[in-house]
Each structure stands twice: as C-alpha cells, then as structure tokens.
Amino acid sequence: MSLTFIKSSAWKSRTAISGSFYILHHKPDFCELFVIYGGRLLSLREENNEGFIEDDRGNTIAKFTERNGFRSLLGRIFPDSPTNGHSTDSPSSSRSNSSPDEWEKYSEEIEQYVNQMLAFNEEEEEANYKALEENPADSDMQENMSGAERIEALKLKIQRAEEAIQLNKQEANLNKERGAKAEWAICLCNTRIMQLEICLSEEVQKNADLKKELDSRKDELFELQGEVEEKRSKLNSILGLQRELSNKLQLSSSAKSRAEIQLEKAVQTRTEMVREIEELRGQRDVIQLRIEFCREKDAIGSADRMNASSFDYREFTAAEISAATEDFSEDLRLKSRGQFTNVYKGHINHMTVAIKMYNSANAPSQESFIAKVQILSQIRHPNIVAMIGFCSELNCIIFEYMHNGCLHDALFLTERSSRVRNKALSWHTRIRIAAEVCSALGFLHNALPKPLILGNLSPSKIILDRNNVAKVYGLKPPWSYDNSDRNSDIRAFGNLMLQLLSGRNWAAPMDASAIIGDLDHSAGEWPLDLATELCIIAIRCLSTDQDIDKELDIGWLMSEINRVKKKADQLVANGEYASAVEDFIDTEDSSNVPSAFLCPIYQDVMQNPHLAADGFSYELDAIEGWLRTGHDTSPMTNLRLNHTLLTPNHTLRTLIQDWQTRRSAPPS
C-alpha cells in the first residue's frame with residue numbers, strides 16, 4: 001500500500017491512515033501489509049487505542065487516534081439491536097418511529113452525514129487557510145499593477161465572488177438539509193435517551209430488589225447458621241446419649257442371658273399349656289359330638305316313645321285342664337310373633353305340655369274336632385308335634401311342649417321375652433331345620449291311604465325344642481283340600497328357605513344374586529356354594545309353573561335338601577366352617593332344678609335314671625342310644641367303660657318324683 005501524502009491535520013490523510021489500520025485489522029491471516037511512503041517502508045503500530053506510523057529508523061511519521069464513529073456510538077447505545085439490511089427511508093418519514101430498530105436502520109445514513117460534516121469542516125479550514133495565504137500576495141500585486149490590470153483583477157474577483165455566492169447558496173441548501181437531518185438525529189437521540197432513562201430506572205429497581213433479596217438470603221443464611229449450631233448441640237447431646245445407651249446395652253447383655261434362661265422355662269411352660277389345650281380340644285370335640293347326638297336322639301327317642309305300644313293318648317277333663325293351666329293364668333299364656341296366642345303352657349302328670357284352646361269363634365264342629373283328634377293321634381314323626389291328649393268339654397288339644405318357641409321369633413324378633421335368652425341360629429342349624437321340615441312334608445305327602453297337607457306353612461307353624469329340633473303343627477283337614485294344595489306346601493317351603501337364608505320376609509321372588517347378596521350374617525359365615533344351591537332350590541319351588549315341571553315333587557325336594565345337608569355336615573366335621581352352638585334356655589324350667597336330676601346327655605330332668613360304669617346316672621334312653629351308636633367311652637370323662645351294664649337308680653328316681661310332686665303342688 002503506497003501513501004503519497006501524510007498530514008495528521010488533513011482529512012484525506014486521516015482517512016488514508018485510518019484505512020491502513022482498518023486493513024491491518026481485517027486482513028486475512030495469510031496476508032502481510034506493507035506501507036510505502038517516499039520510497040521508504042513504513043511500519044504500523046498500535047498502543048493504548050492510538051496508531052503510530054514509523055519509518056525503518058523508528059521515527060514517528062504520523063500519529064492516529066481512532067475517533068468513535070457514529071456507528072460505534074449507536075452500538076454503545078443499542079448493544080442488543082440486531083443489524084438488518086433494510087434500505088433507509090427519508091428522515092422525515094421516520095421521525096415518528098424511534099425504536100432501536102430505527103437506529104440500526106438509519107445508522108449508516110447518520111454516520112455518513114456526520115463524516116460529511118467533519119469533511120466539510122476540514123475543507124473549510126483549508127480553504128480559509130489558503131485564503132489567508134493568498135490575500136497578502138493580492139495586495140502586493142495591486143500595488144504594482146496598472147489600471148487596466150487592476151480592472152481585470154477586479155473582474156476576476158467579481159467572478160470569483162459570484163462563484164463563491166453560488167457556492168454559498170448551494171452550501172446553504174446543503175446546510176438546510178443537514179439541519180433537517182440534524183433535527184431528525186437529535187429527535188431520535190432524545191427518544192433513545194428517554195428509553196435509556198426508563199431502562200436505567202428499571203435496572204436501579206432491579207438492583208434494589210436484588211439487594212433486598214440478597215439481604216433476605218443473608219438473613220436466611222444467618223438463621224441456617226443458627227439452626228446448624230442448634231443441630232450441632234443436639235448432635236452432641238445425641239452422641240452423649242449414644243454413649244449412655246452403649247453402657248446400658250452392655251448392662252442389658254448380661255440381663256439378656258438371664259432372660260434367655262427364663263425364656264427356656266417359658267417355652268417349657270408353653271409346651272405344657274399346648275398339651276393341655278389339645279386335651280381341652282379333645283374334650284370339646286366330645287362335647288360337640290354329645291350335643292349332636294342329643295339333638296338326634298331326643299327326636300328319635302321321642303318318636304320311639306310315641307310309637308311304642310304302651311303309648312296311648314287320653315281324654316282329659318275340664319278340671320284337669322284348668323288345674324294344669326292354673327285356671328288359664330295369663331302368666332302361662334304363650335306368645336308368638338310378639339302377640340298372645342290361644343295356647344297355654346301347663347303341667348300334667350309331671351310333664352310340661354302345650355294346650356291349644358279353640359274358642360267359640362274358630363271352634364270346629366264336634367264331628368270335625370273328633371276327626372282332627374283321630375288324625376293327629378295316628379301321626380308319629382320326629383319332626384311333627386305329637387298330640388298327648390284332648391278335652392272335648394273345652395275343645396282343646398294337648399301337645400308336647402316345645403321349649404324354644406316358634407321359628408318366627410328366633411328369626412325375626414329383635415327383643416325376646418325376659419324368660420328366654422337366645423343366640424341367632426347358625427347357618428348349619430338353619431340347613432338342618434330346612435331338612436327336618438322337608439322330612440315332615442315328605443311324611444305327610446306320602447301318607448296312606450290319602451296324602452296329608454300341612455297348609456299355610458310358615459315360620460310361625462314351626463316350633464323348636466330345647467335342642468332346636470324343628471317340628472311342624474297345624475294340619476289342614478283332609479276333607480278341605482285337593483291335589484293342588486301339595487304345590488302350595490312346596491311353594492311355602494321355598495319361601496321358608498329364603499327366610500332362613502336372609503333372615504327376613506321377601507315380598508316377591510328375587511334372583512339368586514340378589515338373595516346371596518342379602519344373606520343373614522348373624523348366622524355366621526355362610527358357605528357360598530351351599531347358600532347358592534339352597535337359593536336355586538327355593539327359587540325353583542317358588543316358580544309358578546310347577547304343574548309343567550314334572551320333576552318338582554316332594555321326593556326330588558327331599559333328596560336335594562338332604563344332599564345339601566350332608567355337605568354342610570361334612571364341612572363342619574372337617575372344621576372348614578365353624579358352627580356356633582345356640583343357647584336357648586327356659587329359665588323358668590331350669591333355674592331351680594338340682595343338677596343331679598339332669599341327664600348329662602339330654603340336659604333334662606330324668607324320668608328313668610340308670611347308673612353306668614363311669615359312676616354317673618343317665619336317662620335310660622339316652623345312655624342306651626349312646627351305646628348303640630358304637631361308643632364305648634364315658635360321655636362325661638371320655639374314658640373307656642369297663643362294661644356296658646346299666647343299673648336302675650331307684651333312689652334318685654324317688655327323689656326326682658318327690659321333687660316334681662312338690663313343684664307341681666298348688667301353693668297353700
């Protein structure tokens with residue numbers, strides 16, 4: 001690069017010098033810059049934002065200080081404004097918009113304007129300088145010129161003046177344009193200044209907020225330091241506690257060895273207790289077996305006694321009935337479904353009986369009453385209430401007394417009489433009751449020479465003895481029914497099974513899923529498969545097309561119910577489902593009975609006590625039934641009996657009879 005003129009004060013020289021440094025800054029790395037002036041090689045050097053041009057001897061030829069151009073000024077004002085390549089608009093059209101984009105858009109035009117102003121000022125200075133240098137020579141020339149020469153000189157001056165005037169006019173126009181541009185640039189600068197002031201205030205506010213946050217952080221740090229100190233003190237206390245616990249642990253080690261010795265003793269004690277528990281379980285199984293045997297034996301023994309040739313019903317007099325009921329005392333009047341009935345509890349020949357009175361409103365004719373008595377006298381079944389006698393004077397029939405009342409009270413009444421306390425019937429007992437009622441229906445429907453109909457079967461027509469054995473009563477007269485009544489018995493039995501399952505009355509038949517979802521949980525945990533089978537049987541019994549269903553008869557019903565009962569018995573025997581033992585106790589009958597008078601098997605006052613090989617006295621029927629079923633152990637001790645001989649206990653029998661006589665005697 002060759003320079004022909006170097007003068008620091010000249011605008012053209014400064015432009016050439018700045019151009020040399022610009023090329024130096026922006027040349028590629030693989031290029032070298034050489035500057036030649038006056039046949040000499042010059043070097044470029046920068047120091048502290050100043051540029052120096054030196055010759056080969058180190059002498060400074062020129063010095064250059066980089067001026068901040070208008071573009072760099074804009075860059076400092078708008079550091080974040082992106083550069084765009086849009087063309088510039090006229091100053092007047094952009095005065096209304098003064099955003100940072102406008103600054104970038106007109107930056108080149110404004111910078112060019114500033115450079116022109118600087119160049120114009122330098123040219124004016126040079127022109128003035130030249131005029132000052134030429135003026136003295138002109139004055140000397142005028143003194144040595146002739147008149148004609150002076151006139152020519154004046155004409156030349158006038159011409160120059162006119163040219164100067166023309167130039168001044170042009171310069172005035174340029175100055176006018178420059179003034180407009182200056183106003184435009186000033187407007188933009190003022191607007192940007194306002195924006196910068198707003199930004200500055202925002203930055204000041206941000207700094208204030210940051211300072212507040214910093215103070216808050218300092219406070220938090222101070223609190224954390226306090227917490228750290230507190231945690232440190234707690235840690236020290238914990239360490240001290242740990243040392244204390246270590247000492248206690250060492251002390252407890254010795255105590256542990258002593259505890260292990262005690263534990264060994266406890267294990268031995270537990271082993272002995274387990275052995276005792278197993279023995280108690282064995283005794284419980286024996287008692288449970290004895291209870292089941294009592295229930296079956298009580299019903300079978302009662303039927304056997306009634307079927308015996310020595311049994312004969314008798315006709316009682318009105319005086320005997322009045323004495324048995326204490327002149328029909330209201331205290332002996334029985335309730336059913338919470339209401340008083342026409343049945344009285346009485347005592348005849350040391351036997352508790354139930355006396356049913358037929359009043360004038362519902363009393364049958366004398367012929368019908370005798371026919372009813374004859375039919376009842378011929379019926380002997382373990383699950384049908386046995387008739388003991390009758391009284392034609394008072395139109396009443398005497399039945400065996402059932403201690404636990406009707407099934408309706410056991411299922412539905414929430415409050416029992418103060419004389420009787422009970423627990424809810426278990427699911428296993430309910431299945432057994434269904435089988436017993438079905439057995440009674442089968443006996444009646446298969447009677448010869450003509451089937452018998454129970455009629456209006458409901459929980460109120462089913463009564464329970466002290467062992468919860470179910471018995472039905474209330475036969476329909478045989479001359480008042482036809483063959484369709486057998487279907488009504490089956491439908492009533494289906495409804496009874498639904499009541500046993502759910503513990504409530506059903507207004508209409510439901511599907512099996514609804515009934516299973518409404519099982520009576522007071523009966524315990526129902527086996528769902530057995531409950532479902534019973535539900536299906538009940539729904540089939542309740543169907544309205546029994547005449548079409550040829551398979552639906554009492555024989556099929558008995559086989560299905562017995563099949564379900566066997567499954568239930570097997571589940572209870574295997575211990576898969578628990579079956580609670582209901583506790584129905586007639587406190588009036590047993591509160592004052594000497595324990596020696598009660599049969600250990602029947603738990604009832606003995607009529608014919610016999611002494612067994614184990615030294616205990618039993619009712620003859622009870623102990624004989626026990627032995628006939630294959631038992632060779634004592635019902636009381638579960639020990640093997642030395643022999644099976646039974647000896648009548650006449651002394652105990654006499655004591656029992658004397659006690660019954662005193663008990664049945666009217667008060668003086």
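**Note on a predicted chain: helices, a histidine and ring pairs**

1. In helix H12, the buried residues are Leu530, Ala531, Glu533, Leu534, Cys535, Ile537, Ala538, Cys541 and Leu542. Buried means under 20% relative accessible area, exposed over 50%, and partly exposed in between, with a 1.4 Å probe and protein chains only. H12 runs over residues 528–542, has 15 residues and reaches 21 Å from its first C-alpha to its last, close to the 21 Å expected at 1.5 Å a residue. The expected span is 1.5 Å times one less than the number of residues in the helix.

2. On the basis of these values: this is a predicted model, in which local features need pLDDT of at least 70 and side-chain atom pairs count only at pLDDT 80 or more, while totals for chains, interfaces and linings use all residues. Residues are numbered from 1 along each chain as its sequence is written, and side-chain values use heavy atoms, with hydrogens and water left out.

3. The chain as a whole has 16 helices and 18 strands. Both are DSSP runs numbered from the N terminus: helices are H or I with at least four residues, strands E with at least two. Of its 668 residues, 34% count as buried. Among contacts (heavy atoms within 4.5 Å) with a separation of 6 or more, 63% are between residues 24 or more positions apart.

4. Helix H13 covers residues 554–573; its 20 residues reach 28 Å from first C-alpha to last, close to the 28 Å expected at 1.5 Å a residue. Its buried residues are Ile554, Trp556, Leu557, Glu560, Ile561, Val564, Ala568 and Leu571. They are on the same side of H13 because they cover an arc of only 165° around the axis, the arc being that of the directions from the helix axis to the C-beta atoms. An α-helix has 3.6 residues a turn, so residues three or four places apart point the same way. The face turned away from the buried side of H13 carries the exposed residues Lys566 and Ala573. Gly575, which follows H13, has a positive phi, near 75°.

5. His610 is found in strand E16, residues 609–611. With 8% relative accessibility, His610 counts as buried. Its side chain reaches the backbone oxygen of Asn608 at 3.2 Å. Leaving aside neighbours within four places in sequence, the contacts of His610 include Phe616, Tyr618, Leu646 and Pro648.

6. There are 4 aromatic pairs. Rings of Phe, Tyr and Trp (its six-membered ring) pair if their centres lie within 6.5 Å; planes under 30 degrees apart count as stacked, over 60 as edge-to-face and the rest as tilted. Tyr358 and Phe369 are edge-to-face because their ring centres are 6.2 Å apart and their planes at 75°. Tyr358 lies in the loop between strand E9 (351–357) and helix H7 (366–378) and Phe369 in H7, so the pair ties together parts 11 residues apart in sequence. Tyr358 is buried at a relative accessible area of 11%, and Phe369 is buried at 0%.

7. Phe597 and Trp659 form an edge-to-face pair, 5.8 Å centre to centre with 65° between the planes. Phe597 lies in the loop between helix H14 (587–590) and E16 and Trp659 in helix H16 (residues 650–664), so this pair ties together parts 62 residues apart in sequence. Both Phe597 and Trp659 are buried.

Key:
Polar contact = N/O pair within 3.5 Å; in protein donor to acceptor, adjacent residues only side chain to side chain.
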